[in-house]
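Hello,

Here is the structure I said I would pass on. Please keep it open while you read the notes below it.

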Amino acid sequence: MPRGIDHVGVTVPDINAAIRFLEEAFGAVALYRNVTRTKPQKGPETEKILGLPQGTAVIEMCMMALGHGPGIELFEMKGPDQREAARPCDWGLQHFAVYVDDIHAACHRFQEAGGTLLTEPQGQPSLEAAPGNMFCYGRTPWGMIVELISTPHQERFNDIAPMDRYQPPPRATPHKGSDA
């Protein structure tokens, strides 16, 4: 059985700008670059493995850590017929959500890093409604949608669900080489 989601892959137009945004908006940490500009991945084998159109090259890749939970694997690719980020109504991955404890501070940080909020933070609807349960959607500088979410009270939906909904544990600052 799967353990859970390991990472989400995101293609961006400028990997260094995307890394900066994720660091500034969410305190993400760049773990490593597996593909670099000096040694891009390209050619028929790369195109086949990743399902890319002919002539597409993976220019850079960087694995990012974002608190507890799945990583974000950033890709900068160049190829024919590239399109801007998908809209939430388009098929495929439409957004990822980042759990925050203080949604107002997180929204401010998101904007300061260069993101645009689509609305102000608002209460969760329906079964997810409870004091402090809030969400807000925003658009990254490259056009991708990110949801900021805080659900400190999960009793209403956890009581009826077959298992509790995942909630990241509180974030601690690990020290490299420690057990934290």
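Ser126 is exposed, as its relative accessible area is 60% (exposed means over 50%, buried under 20%, and partly exposed in between, with a 1.4 Å probe and protein chains only). The model is predicted, so local features need pLDDT of at least 70 and side-chain atom pairs count only at pLDDT 80 or more, while totals for chains, interfaces and linings use all residues. Residues are numbered from 1 along each chain as its sequence is written, and side-chain values use heavy atoms, with hydrogens and water left out.

Ser126 sits in the loop between β8 (122-123) and β9. The helices (H or I, at least four residues) and strands (E, at least two) are DSSP runs, numbered from the N terminus. The phi of Ser126 is positive, near 55 degrees, and this residue is not a glycine. Most residues other than glycine have a negative phi. Asp81 is another non-glycine residue with a positive phi, of about 60 degrees. Asp81 lies in the loop between β5 and β6 and is exposed because its relative accessible area is 68%.

Next, the aromatic rings. A pair of aromatic rings is described by the distance of the centres and the angle of the planes. The rings of Phe, Tyr and Trp (its six-membered ring) pair if their centres lie within 6.5 Å; planes under 30 degrees apart count as stacked, over 60 as edge-to-face and the rest as tilted. The whole structure holds 5 aromatic pairs. One of them joins Phe21 and Phe26 edge-to-face, with 6.3 Å from centre to centre and 85 degrees between the planes. Phe21 and Phe26 are both buried. Phe26 also pairs with Phe110 in a tilted arrangement, 5.9 Å centre to centre and 45 degrees between the planes. This pair connects distant parts of the chain, since Phe26 is in helix α1 (residues 15-26) and Phe110 is in helix α3 (residues 103-112), 84 residues apart. Why does Phe26 count as buried? Its relative accessibility is 8%. Phe110 is buried too, because its relative accessible area is 0%. Ring pairs join Phe21, Phe26, Phe110 and Trp142 into a cluster.

Phe110 leads on to helix α3. The buried residues of α3 are Ile103, Ala106, Cys107 and Phe110. Viewed down the axis of α3, they fall within an arc of 100 degrees, so they line one face of the helix (the arc is that of the directions from the helix axis to the C-beta atoms). An α-helix has 3.6 residues a turn, so residues three or four places apart point the same way. What do the buried residues of α3 pack against? They pack against α1, β7 (116-117), β9 (134-139) and β10 (145-150), where contact means heavy atoms within 4.5 Å. Asp102 caps the N-terminal end of α3, with a side-chain oxygen 3.2 Å from the backbone nitrogen of His104. A polar contact is a pair of N or O atoms within 3.5 Å; within protein, one must be able to donate a hydrogen and the other to accept it, and residues adjacent in sequence count only if both atoms are side-chain atoms. Just after α3, Gly114 has a positive phi of about 115 degrees.

Now the interior. A nonpolar core is a set of buried Ala, Val, Leu, Ile, Met, Phe, Trp, Tyr and Cys residues joined through side-chain atoms within 4.5 Å. The largest such core has 30 residues, and within it Phe26 and Leu74 touch the most other members. α1 gives the most to this core, with 7 residues. Among the residues in contact with Leu74, leaving aside neighbours within four places in sequence, are Val10, Ile19, Leu22 and Met64. A second, separate core has 6 residues, including Val35, Met61, Phe75 and Met77.

Thr56 lies in the loop between α2 (44-50) and β4 (57-65). Thr56 is buried, because its relative accessible area is 5%. The side chain of Thr56 reaches the backbone oxygen of Pro53 at 2.9 Å.

Last, the cysteines. How many disulfides does the structure hold? There are 0, a disulfide being a pair of cysteine sulfur atoms within 2.5 Å. The sulfur of Cys136 is 3.9 Å from the closest cysteine sulfur, in Cys107, which is too far for a bond. Cys136 is buried, as its relative accessible area is 0%. For Cys89 the closest cysteine sulfur is 19 Å away, in Cys136, again too far for a bond. Cys89 is exposed, as its relative accessible area is 59%.

Regards
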